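User: I want to learn how to read a domain interface, a sheet and salt bridges in a model. Can you take me through them?

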Amino acid sequence: MTDAPQYGFDTLQIHAGARPDPATGARQTPIYQTTAYVFRDAEHAAALFNLQEVGYIYSRLTNPTVAVLQERMATLEGGVGAVCCSSGHAAQIMALFPLMAPGRNVVASTRLYGGTLTQFSQTIKRFGWSAKFVDFDDLDAVRAAVDEDTRAIFGESIANPGGYVTDIPALAEITDAAGIPLIIDNTSATPYLCRPIDQGATLVVHSMTKYLTGNGTVTGGAIVDSGTFDWSASDKFPSLSQPEPAYHGLKFHETFGPLAFTFHGIAVGLRDLGMTLNPQAAHYTLMGIETLSLRMQRHCENAQKVAEWLEADPRIDAVTYAGLASSPYHDRAERLYPKGTGGLFTVALKGGYDACIRFVDSLELFSHVANLGDTRSLVIHSASTTHRQLTPEQQEAAGAGPSVVRISIGTEDADDLIRDLDQALAKAGA
Ligand SMILES: *Cc1c(COP(=O)(O)O)cnc(C)c1O
């Protein structure tokens with residue numbers, strides 16, 4: 001498709017990046033299940049390896065099915081390029097990799113997906129990187145946390161477990177003043193509900209495992225680059241602005257301009273870290289994205305109905321959903337997330353930890369799983385599962401205390417979901 005940006009979201013989610021297969025005319029994007037690609041001749045091979053010509057070499061780096069997904073993700077997010085990889089967590093490492101070095105840090109929100117809190121507070125230390133966790137509602141604290149070694153600010157647009165929506169424009173002011181990139185994990189919002197780049201973000205990361213694929217079939221991740229950051233404005237980002245020793249001295253920013261981050265992600269990131277998305281998974285995700293807006297509308301509608309019903313129930317202590325008038329983030333949500341705040345929220349049960357366990361064990365239609373963003377409705381008791389590795393303080397800060405159950409509302413009939421919640425609450429004896 002040429003001139004893609006003139007089309008609306010519903011059109012782009014089906015067409016962006018795709019064209020009939022040049023070899024066969026196949027209308028649907030074929031699954032190019034191949035490891036390697038035949039070079040026209042030795043000169044062609046050399047040009048590809050020198051990045052003088054763009055093309056396919058080996059599927060750890062690039063693959064035509066994955067390339068369609070990359071272009072679709074870049075288009076839907078309003079970026080210049082995207083790199084797909086094997087999971088959301090891979091995308092986070094791939095996003096930080098060109099920016100960080102031993103001794104450098106990232107300033108991150110206290111309200112993040114549990115696995116991300118663990119990755120940032122523990123695992124990245126092995127690389128000599130560190131994270132400073134700050135309450136992103138305290139903008140002075142965010143500003144104060146940024147120091148000479150900070151190389152990015154990282155938050156989630158609609159935070160998982162739920163109920164928190166981030167003021168991206170306010171954070172973008174801080175990163176712009178500091179000359180560092182703003183990275184937004186847009187997994188729970190998807191580009192249908194939020195386009196972080198339009199609000200000032202530099203990079204957007206995704207777990208495509210969730211709403212983008214939409215039916216719990218694959219793991220996948222993506223990093224979308226806005227193309228707007230000047231990597232050469234300071235000496236903070238030598239991998240992008242200085243000769244890259246892992247690519248025989250190539251200067252990525254000078255050579256590729258706004259596509260520097262994307263090219264580095266493929267030519268160095270995927271080449272050397274190997275966190276590649278396979279073409280079969282890319283296919284499932286492409287199929288899912290075709291109906292993204294339709295599903296997100298229903299997820300939001302159902303979540304609103306169910307959250308309102310739960311909030312009115314005497315067995316429930318609190319419901320944190322930014323779509324509720326009672327939410328402290330309701331006004332921010334209306335301003336920055338006008339199409340809705342997604343299908344995720346948490347409920348606190350009056351009966352505490354034990355009632356939560358009985359509740360999740362009594363649900364019939366909802367599945368108790370460590371996933372979200374599925375067409376099926378899902379629940380998880382975060383404190384005993386996804387947030388188990390965290391301290392009680394970290395659990396509370398992340399909105400995942402012991403009496404809290406995270407709910408991911410699917411696209412079923414809302415009345416059926418409410419009936420199931422009702423009977424499980426009765427059995428929980430909360
Ligand atoms: C699931 C999730 C991740 C991690 O993604 P994986 O695909 O499971 O690696 C990161 N961030 C958020 C917000 C998520 O929901």
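Analyst: We start with the domains, then turn to the sheet and the salt bridges.

Analyst: This is a predicted model: local features need pLDDT of at least 70, side-chain atom pairs count only at pLDDT 80 or more, and totals for chains, interfaces and linings use all residues. Residues are numbered from 1 along each chain as its sequence is written, and side-chain values use heavy atoms, with hydrogens and water left out.

User: Into which domains is the protein chain divided?

Analyst: Domain bounds come from an automatic or database domain assignment. Here, domain 1 spans 7-288 and domain 2 spans 293-428. Their centres, taken over C-alpha atoms, are 29 Å apart. Domain 1 brings 40 residues to the contact and domain 2 brings 41 residues; contact means heavy atoms within 4.5 Å.

User: How much area do domain 1 and domain 2 bury between them?

Analyst: The size of an interface is often given as the accessible area lost when the parts come together. Buried area uses a 1.4 Å probe and is summed over both parts. The two domains bury about 3200 Å², with 55% of it on carbon and sulfur atoms. Pro161, Tyr192 and Tyr211 supply 25% of the area that domain 1 buries against domain 2, more than any other three residues.

User: How many salt bridges does the rule find across the interface of domain 1 and domain 2?

Analyst: A salt bridge puts a side-chain nitrogen of Lys or Arg within 4 Å of a carboxyl oxygen of Asp or Glu. The rule finds two across this interface. Elsewhere in the listing, Asp167 and Arg335 meet through their side chains at 3.6 Å, N to O.

User: And how many salt bridges does the structure hold?

Analyst: The structure holds 17. One joins Glu71 to Arg19, with the closest N and O atoms 3.9 Å apart. This pair links distant parts of the chain, 52 residues apart: Glu71 sits in helix α3 (residues 64-77), Arg19 in the loop between α1 and α2 (42-49).

User: In what order do the five strands of the open sheet run?

Analyst: Helices (H or I, at least four residues) and strands (E, at least two) are DSSP runs, numbered from the N terminus. Two strands pair if DSSP finds at least two bridges between them. The order is β10-β11-β14-β13-β12, with mixed pairing. β10 (316-320) and β12 (367-368) are the edge strands, each pairing on one side only.

User: How many bridges join β12 to strand β13?

Analyst: Two, and the strands run parallel; β13 covers residues 378-380. Ser367 has Leu378 of β13 as its bridge partner.
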